[in-house]
Amino acid sequence: MQLSTRLRLALAAGLGLLIAGGALLYSVVASAAPPAAGTRVETPQGWFADGARTARQAIREAGGAQRARNVIVFLGDGMGFTTVTAAHIYAGQKLGVDGESHRLSFEQFPYTALSRTYETNQQTPDSAGTMTAIMTGVKTKAGFIGIDQSARRGDCASAQGAALVTALQLAGRAGMATGVVTTTRITHATPAATYGHNPERNWEVDADLPAEAKAAGCTDFAAQLIDNARAGLLDVVLGGGRTEFMPAGMPDPQRAGMVGQRLDGRNLIAEWLTLPHSRYVWNAGGLAAVDPRRTQRLLGLFNPSHLEYDFDRRQQKLDEPTLAQMAGKAIAILQRERKGYFLMIEGGRIDHALHAGNALRALDETRAFAEAVAEAVRLTAGSDTLIVVSADHSHTLTFAGYPRRGNDILGVVVGATDSYDAPRNPGPALDALGQPYTTLGFANGPGYSGASDRQPEGVKHYPHFFGTARDIEHGRPQLTTAQTGGPDYLQEASVPLKNETHGGEDVGIWARGPGARAFHGEFEQNAIFHLIVQQTPRLRAALCKLGACDAQGMPIRLPRLAPQAGLAP
């Protein structure tokens, strides 16, 4: 695929991207010299330099750098180790095979590592700061998208000069094709971190921005997405969030009663279609009909908000594509670019199901995510494509008791009561009150069995959006496997919360392809960016053109988007 428009848009040496007020401004300055080796300075430059040195050492230990032409980053939002383990058991049991030994597609990758997910201001992180770390090489605060820790949350003026260059934008500058695929709104935290810059993750549409942010020059993520595409930095965009691109009052083409949200009157879908060789689709049939040989730029928005859970898509026979179908179409389009491509693919609704306290949908979304990874592996077999799979953070899902081998992962524990005991009967294991309990549970969330203003005391069912909760008065509910295996059953939670929280432990990294062998050991999350960039020649060269490299060609200086008076990052 020849993308001469991208090259003509003058991603010239020494220039960088600043998105502000609907305009693209190019002016990058390098930050101060990095600190001495062996020191950790918790500044944006310190994080960048430390990540670069960590990556360089890991690459040396792996026998030296390899050369990736293409990069695909898969992000399972909220996909902690408990979720991965339970999901491969779930997937195996659905296939009628041994779930415990079954392996998801990415669990078969040859190289693995650990990622530390904390943010600069929180032990347990959110998706905004963590994905910003993965995409920019710099750790930052919760709620920040493409902005370093020096700013204040929700304060546009404080973010002047704090914008960070993302890996996707580097790829676009280098003449590579780029894409973002997600099951969430395309303006949600994880996808937005590939192209956006704001000190508030919730500024997805202009209606979300407070007056002072607009006055200071900040723009919403939907508008920033179109600005990136217009600059030749974004080619394929597939996900949800359709109404954020439509003017207020414009009827949604699929959902009765849903209308556009934009107060500025802009029709961003129409603006996309003014780009050369562009197409727009809004359902699974339209996506299937896209001919990759005739399409250079593709926008697909398949739901007014997030895509439906894959379980519900199947049950209701909805006209929405699977994540695997979106991933396959994106790769088919992007791989035609001879300079290579950078693609981020998110399984975003894993996180949403976990927040809802609903294990079945979370595990099923993880299964669908693994199918998308398998499709990418199939389409890139034998190519020079680095595939990295990770998560931004974990959740509080627990895997407990002593269930016997082959026990229904969504059922009550059938097995020994104590680790020193042998099972004495085929019935459920019982707690100290004589009640059965499930293998999976949550440390907190809406599955708490006390009464709420929405559901009575006892078993809770999805969705459980409550306002107030009360203590448990009559003890734990009587549970059966038939009950707990239902799609809307909410696993019990120890602490009542309206939304289950993230977890703060390390998450996994799985890698294959050129550069994958450097993924070994435990890394700060921002080092993922550096491991990718240092082994993708075009990305590394793009950083060097921004003045980020030392005399040995190592990108160790943080490239800066120069502040402009009155303009947002």
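The lining of the largest cavity comprises five nonpolar, two polar and six charged residues (Ala, Val, Leu, Ile, Met, Phe, Trp, Tyr, Cys and Pro count as nonpolar, Asp, Glu, Lys and Arg as charged, and the others, Gly among them, as polar). This is a predicted model, in which local features need pLDDT of at least 70 and side-chain atom pairs count only at pLDDT 80 or more, whereas totals for chains, interfaces and linings use all residues. Residues are numbered from 1 along each chain as its sequence is written, and side-chain values use heavy atoms, with hydrogens and water left out.

**Largest cavity**

- The largest cavity has a volume of about 100 Å³ (the space filled by probe spheres set on grid points, which are joined across faces, edges and corners).
- A cavity is a set of points, on a 1 Å grid over the protein atoms alone, where a 1.4 Å probe fits but cannot get out; a pocket is an open set with protein on both sides within 12 Å along at least five of seven lines; lining residues have an atom within 4 Å of a point.
- Of the 13 residues that line the largest cavity, Thr-183, Glu-308, Asp-310, Leu-323 and Glu-365 lie nearest its centre.
- Helices α11 (310-316) and α14 (359-380) each supply at least two residues of this lining (helices are DSSP runs of H or I with at least four residues, strands are runs of E with at least two, and both are numbered from the N terminus).
- In total, the structure holds five cavities of 30 Å³ or more.

- Gly-347 is found in strand β10 (residues 341-347).
- With a relative accessible area of 3%, Gly-347 is buried (buried means under 20% relative accessible area, exposed over 50%, partly exposed in between, with a 1.4 Å probe and protein chains only).
- Beyond its neighbours within four places in sequence, Gly-347 is in contact with Leu-75, Gly-76, Asp-77, Thr-183, Leu-323 and Phe-369 (contact means heavy atoms within 4.5 Å).
- The C-alpha atoms of Gly-347 and Glu-308 are separated by 12 Å, and the two residues are 39 residues apart along the chain.

**Largest pocket**

- The largest pocket contains about 230 Å³ of space.
- Its lining has 15 residues, of which Gly-441, Phe-442, Glu-492, Ala-493 and Ser-494 lie nearest the centre of the pocket.
- Strands β16 (440-445) and β19 (493-496) each supply at least two lining residues, and β16 gives the most, with four.
- The lining of the largest pocket divides into seven nonpolar, six polar and two charged residues.

**Buried loop residues**

- Asp-220 lies in the loop between α7 (211-215) and α8 (221-230), and counts as buried at 3% relative accessibility.
- The side chain of Asp-220 has a polar atom 3.4 Å from the backbone nitrogen of Asp-206 and reaches the backbone nitrogen of Ala-222 at 3.2 Å.
- Not counting residues up to four places away in sequence, Asp-220 touches Asn-198, Trp-203, Glu-204, Val-205, Asp-206, Leu-209 and Arg-262.
- Gln-535 lies in the loop between α16 (527-533) and α17 (537-545), and is buried, with a relative accessible area of 1%.
- A polar atom of the Gln-535 side chain lies 3.3 Å from the backbone nitrogen of Gln-66.
- Apart from its neighbours within four places in sequence, Gln-535 is in contact with residues including Ile-59, Gly-64, Gln-66 and Gly-515.

**Helix α2**

- Of the 18 residues of α2, 13 are buried.
- Gly-63, which follows α2, has a positive phi, near 95°.

Conventions
Polar contact = N/O pair within 3.5 Å; in protein donor to acceptor, adjacent residues only side chain to side chain.
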